[in-house]
Amino acid sequence: MDDRDAGLVGIRQGFDVKGYRVISVERFSLPAVDVKDEDDKKLIAGMQAFFQSELVRRLRESGLFERVVNLSETQLQSGAEPVLRLEGAIARASGGSRALRFWVGFGAGRTKAQTETRFVDLQSEQVVMVTADRRVAAISEALSLDYGGDSEGLLKQSFDNMARDLVRFLVRLSRGEAPRSE
């Protein structure tokens with residue numbers, strides 16, 4: 001199904017996000033991202049850490065879980081309590097072309113970002129929910145005359161928005177709201 005915040009969503013029947021007080025967040029993998037050059041490689045690698053930290057920050061701010069564990073900083077000491085693990089992949093990340101954004105406009109040279117997430121119940125190792133979210137950015141949200149927009153800034157904007165919207169979706173889900181499209 002399609003959701004306005006989380007993109008494409010698949011939920012295992014019986015999954016209840018309120019049944020988990022702990023969530024751990026892994027760094028997202030980069031399975032087959034197209035890389036043009038070394039600059040793109042550095043740019044995309046930086047997005048892994050940025051996206052993970054934004055997810056952790058926003059999950060903590062939401063108050064949805066008692067504990068949010070960033071697995072890049074610490075190991076998870078699991079006990080008998082149910083734990084949800086957030087893992088996934090950055091399936092696409094492209095810085096686009098600043099020159100095309102500035103000189104041509106109308107969406108030319110836009111940045112592209114796509115993530116695929118899996119929420120896994122640690123006790124059963126079953127995937128309980130999956131999402132796929134795709135974003136494009138052709139102009140910064142600041143709408144300043146920034147000469148086509150910085151690729152890193154536009155990608156960070158996209159990943160930040162994906163983290164924000166995924167957490168919004170989880171909060172809605174915890175209130176019993178079903179996924180919904182616009």
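Let's start with a side-chain pair. Glu81 and Arg21 are joined through their side chains by a polar contact of 3.4 Å. Keep in mind that this is a predicted model.

So where does Glu81 sit? Look at the loop between strand E4 and strand E5. Strand E4 covers 67–70, and strand E5 covers 83–94. Glu81 lies in that loop.

Next, is Glu81 buried, partly exposed or exposed? Its relative accessibility is 25%. Buried would mean under 20%, and exposed would mean over 50%. Therefore Glu81 counts as partly exposed.

Take Glu81 and Gly19. In sequence, they are 62 residues apart. In space, their C-alpha atoms are 9.5 Å apart.

Let's step back to the whole chain. It has 182 residues, and 45% of them count as buried. How many helices and strands are there? Three helices and seven strands. Along the sequence, the pattern reads β-β-β-α-β-β-α-β-β-α.

What about contacts across the chain? Take those between residues at least 6 apart in sequence. Of these, 73% join residues at least 24 apart.

Last, the surface. The chain's accessible surface is about 9,600 Å². Carbon and sulfur atoms account for 48% of that surface.

Methods
Residues are numbered from 1 along each chain as its sequence is written. This is a predicted model: local features need pLDDT of at least 70, side-chain atom pairs count only at pLDDT 80 or more; totals for chains, interfaces and linings use all residues. Side-chain values use heavy atoms; hydrogens and water are left out. Helices (H or I, at least four residues) and strands (E, at least two) are DSSP runs, numbered from the N terminus. Buried means under 20% relative accessible area, exposed over 50%, partly exposed in between (1.4 Å probe, protein chains only). A polar contact is a pair of N or O atoms within 3.5 Å; within protein, one must be able to donate a hydrogen and the other to accept it, and residues adjacent in sequence count only if both atoms are side-chain atoms. Contact means heavy atoms within 4.5 Å. Accessible areas come from the Shrake-Rupley method with a 1.4 Å probe; for residues, only the protein chains shown count as cover.
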